[in-house]
Amino acid sequence: MTAISSTPQWKTLEADAAGLARASMRELFEGGADRFARYSIDAAGLFLDYSKNKLTDEVVEHLLALAVTADVEGRRKAMFAGEAINTTENRAVLHVALRAGATGAYSIAGEDVSVAVRAELNKMKGFCARVHQGAFKGYSGRALDTVVNIGIGGSDLGPQMATTALQPFWIGGRRTFFVSNVDGQHLADALDACDPERTLFIIASKTFTTQETMTNATSARAWFLKNGGGESDIAKHFIALSTNAEAVAGFGIDRDNMFQFWDWVGGRYSLWSAIGLSIALQVGFESFEKLLAGARRMDEHFKTAPLAENMPVMLALTGVWNRNFIGAAAHAILPYDQHLARLPAYLQQADMESNGKRIGADGSVVAHATGPVLFGEPGTNGQHAFYQLLHQGTDIVSADFIAPAISQHELGDHHQILLSNFLAQTEALMRGKTEAEVRDELRGEGKTDAEIDALSPHKVFPGDRPTNSILMERLDPETLGSLIALYEHKVFVEGVIWGINSFDQWGVELGKVLARKILPEIAAAGEAKPQAKAHDASTNGLIDRINAMRGKGG
């Protein structure tokens with residue numbers, strides 16, 4: 001298999017980047033009055049402007065040729081057809097089937113999995129109705145108005161992000177807490193705010209063996225039993241999102257209250273499944289269905305639009321261009337909506353767990369950079385934190401700016417101020433500020449020549465920092481669904497081009513294995529443990545120091 005970085009198409013793009021090294025984005029905009037129209041796409045309730053990347057028509061043509069060489073269209077077809085494109089685990093990747101709607105049909109090995117998906121969605125809908133109507137009661141006969149979702153990774157980040165994003169759509173009087181960290185303080189903080197008579201626990205673990213999740217679940221169970229509940233009441237306050245019926249029943253959960261998902265659903269793609277039950281309980285099942293509908297709109301666009309007019313494809317191609325040819329090793333996700341505060345963390349997993357790989361799908365070491373480091377924070381908070389590095393740092397960082405044109409809470413001129421910053425930052429990152437402009441500005445302020453000479457180097461902005469702008473009319477369940485699906489498909493396309501399997505995550509395993517070996521060596525509070533000897537000098541020394549501290553703390 002020829003490495004993508006050895007192809008003529010890749011070499012052409014390297015030459016393109018070298019040829020553009022001395023050009024500025026300012027010049028590209030000045031030379032193309034229709035640049036914005038050429039490099040923007042409107043689809044599925046979203047608008048993408050990618051014109052503030054160092055692109056020309058020739059570069060776009062060559063990027064599209066690279067996509068053809070990598071067989072993006074063929075791999076897309078294979079994914080939608082339910083083929084086992086997750087080759088290391090021999091699994092289909094069919095999260096699109098979770099939002100197929102009433103008439104969509106997706107098959108794996110000849111079996112229409114959409115039938116099972118619709119059945120599970122109907123079960124979720126019925127359960128939500130019982131909870132919302134007060135028919136599903138706790139042990140004391142009181143309605144359950146508080147949910148504690150216990151999971152980790154995709155079983156936490158997705159539903160937490162979506163629930164936070166949809167806060168304006170919350171059902172009044174309902175609360176949801178998300179617990180993921182095995183640090184007991186995370187669970188304790190949530191439980192301190194809960195009434196055991198009115199709390200429903202959702203245990204989200206496909207195998208029902210995930211260490212962090214089951215540790216938290218067991219402690220939550222003990223808290224419930226200590227605070228008024230009995231063993232027979234577990235079934236009234238605990239439900240499971242799992243496939244391990246035996247373990248679920250052993251925990252005390254009624255098998256009728258076990259909701260399933262499938263091995264062709266990766267954890268970071270699972271919020272559309274029963275993993276999203278916490279979303280539906282907080283915002284209502286109708287809003288959850290709109291979330292699915294928005295994703296379905298983006299799926300249809302991604303599946304059918306020509307590559308040059310395809311939003312996920314073009315977002316991915318600009319990502320490849322910036323990562324591999326412009327030299328941006330990091331990428332910022334910058335939502336200008338406080339309700340999207342958890343989106344950067346969610347996309348960290350979606351992107352970095354998918355494409356943070358050095359081994360190609362064929363088992364060879366890749367000869368090119370793959371996934372960038374993702375980070376982010378809502379605007380305008382980020383502007384007063386890390387934007388300094390974006391504007392004047394020594395590394396190029398690409399960024400996606402995301403904003404709704406209309407806020408769910410139009411309070412005075414707050415949203416106009418927010419939007420003005422959203423627009424100004426992308427313009428400033430693109431244009432920069434030349435030394436001549438700085439000197440003129442300082443001269444206009446009445447500075448002396450000596451002061452101008454001293455200050456001007458510090459006030460120059462190099463510009464040419466690549467950004468994308470993603471707009472929506474409002475952030476609502478449907479546009480949120482479209483936005484999440486956009487990034488899912490973008491990550492897929494980048495993985496295809498880089499020649500990696502975006503759907504496994506072997507890199508998370510080694511630390512877990514070693515942690516299980518170390519666990520028996522960590523002292524309980526007040527306990528003495530013999531000196532550690534089984535590891536390197538640093539790890540042994542840290543274990544001994546921790547045990548000494550814990551011994552004193554008993």
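Predicted model: local features only at pLDDT ≥ 70, side-chain atom pairs only at ≥ 80, totals over all residues.
Which residues line the second largest cavity?

1. Residues are numbered from 1 along each chain as its sequence is written, and side-chain values use heavy atoms, with hydrogens and water left out.

2. On the cysteines: a disulfide is a covalent bond between the sulfur atoms of two cysteines. With a disulfide taken as a pair of cysteine sulfur atoms within 2.5 Å, the search of the whole structure finds zero. The sulfur of Cys128 has its closest cysteine sulfur in Cys194, 18 Å away, which is too far for a bond. Cys128 is buried at a relative accessible area of 1%, and Cys194 is also buried, at 11%, where buried means under 20% relative accessible area, exposed over 50%, and partly exposed in between (1.4 Å probe, protein chains only).

3. On the cores: a nonpolar core is a set of buried Ala, Val, Leu, Ile, Met, Phe, Trp, Tyr and Cys residues joined through side-chain atoms within 4.5 Å. The largest one has 113 residues, and those with the most contacts inside it are Trp264, Leu277, Leu480 and Leu483. Helix α20 (residues 477-498) gives the most to this core, with twelve residues; helices (H or I, at least four residues) and strands (E, at least two) are DSSP runs, numbered from the N terminus. Leaving aside residues up to four places away in sequence, Leu483 touches Leu46, Leu340, Leu343, Ile402, Ile470 and Met472, with contact meaning heavy atoms within 4.5 Å. A second, separate core of 22 residues includes Phe201, Ile203, Phe224 and Met258.

4. On the cavities: on a 1 Å grid over the protein atoms alone, a cavity is a set of points where a 1.4 Å probe fits but cannot get out, and a pocket is an open set with protein on both sides within 12 Å along at least five of seven lines, while lining residues have an atom within 4 Å of a point. Grid points are joined across faces, edges and corners, and a volume is the space filled by probe spheres set on the points. The second largest cavity has a volume of about 50 Å³, and its lining is made of Leu98, Val117, Glu120, Leu121, Met124, Gln260, Trp262, Trp272, Ser273 and Ala274. The largest cavity has a volume of about 110 Å³, and of its 15 lining residues the closest to its centre are Gly319, His331, Ser398, Lys490 and Glu494. Helix α14 gives the most to the lining of the largest cavity, with five residues.

5. On the largest pocket: about 1200 Å³ of space lies in it. It is lined by 42 residues, of which Thr210, Gln505, Val508, Glu509 and Lys512 are the closest to its centre.

6. On the backbone: a cis peptide bond, with omega about 10°, joins Gly379 and Thr380, and Thr380 lies in the loop between β11 (373-376) and α16 (387-392). Ala109, a residue other than glycine, has a positive phi near 50° and counts as exposed at 84% relative accessibility. Phe208, which is not a glycine either, has a positive phi of about 60°, but counts as buried at 5% relative accessibility.
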